[in-house]
Amino acid sequence: ILDWMASNVELREARNKRYSPAKGTRAKKIDGIVALIMALARAMAVQSEEKPGIFDWSTITATTEGNA
């Protein structure tokens, strides 16, 4: 499905020389690609020294209580 959505994406250039994804017609769906772009941008914005990434397991501590 993501492959099909990627084939529907068109790049549009704004006046400020930035590009954004767009779809040619209403029938073409690109929601999955837009979500992927947003997730990648967010992951790239995280500073590893300031905040752990979503896959940084070193911040998780094991509990010895019986909460399972």
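**Exercise 1. Find where Leu40 lies, and decide whether Leu40 is buried, partly exposed or exposed.**

Solution. Leu40 belongs to helix α2, where a helix is a DSSP run of H or I with at least four residues, numbered from the N terminus. The relative accessibility of Leu40 is 47%, and buried means under 20%, exposed over 50% and partly exposed in between (1.4 Å probe, protein chains only), so Leu40 counts as partly exposed. This is a predicted model, in which local features need pLDDT of at least 70 and side-chain atom pairs count only at pLDDT 80 or more, while totals for chains, interfaces and linings use all residues. Residues are numbered from 1 along each chain as its sequence is written, and side-chain values use heavy atoms, with hydrogens and water left out.

**Exercise 2. Describe the place of Asn8 and name the residues in contact with Asn8.**

Solution. Begin with helix α1, residues 2-8, which holds Asn8. Next, take the relative accessible area of Asn8, which is 7%, so Asn8 is buried. Finally, leaving aside neighbours within four places in sequence, Asn8 is in contact (heavy atoms within 4.5 Å) with Ala22, Lys23, Gly24, Lys28, Lys29 and Ile30.

**Exercise 3. State which side chains meet in a salt bridge, and how exposed Glu13 and Lys17 are.**

Solution. A salt bridge is a side-chain nitrogen of Lys or Arg within 4 Å of a carboxyl oxygen of Asp or Glu. A search of the whole structure finds 1 salt bridge, and the side chains of Glu13 and Lys17 meet in a salt bridge at 3.8 Å, N to O. Glu13 is partly exposed at 45% relative accessibility, whereas Lys17 is exposed at 63%.

Methods: Helix = DSSP H or I, 4+ residues; strand = E, 2+ residues; numbered from the N terminus.
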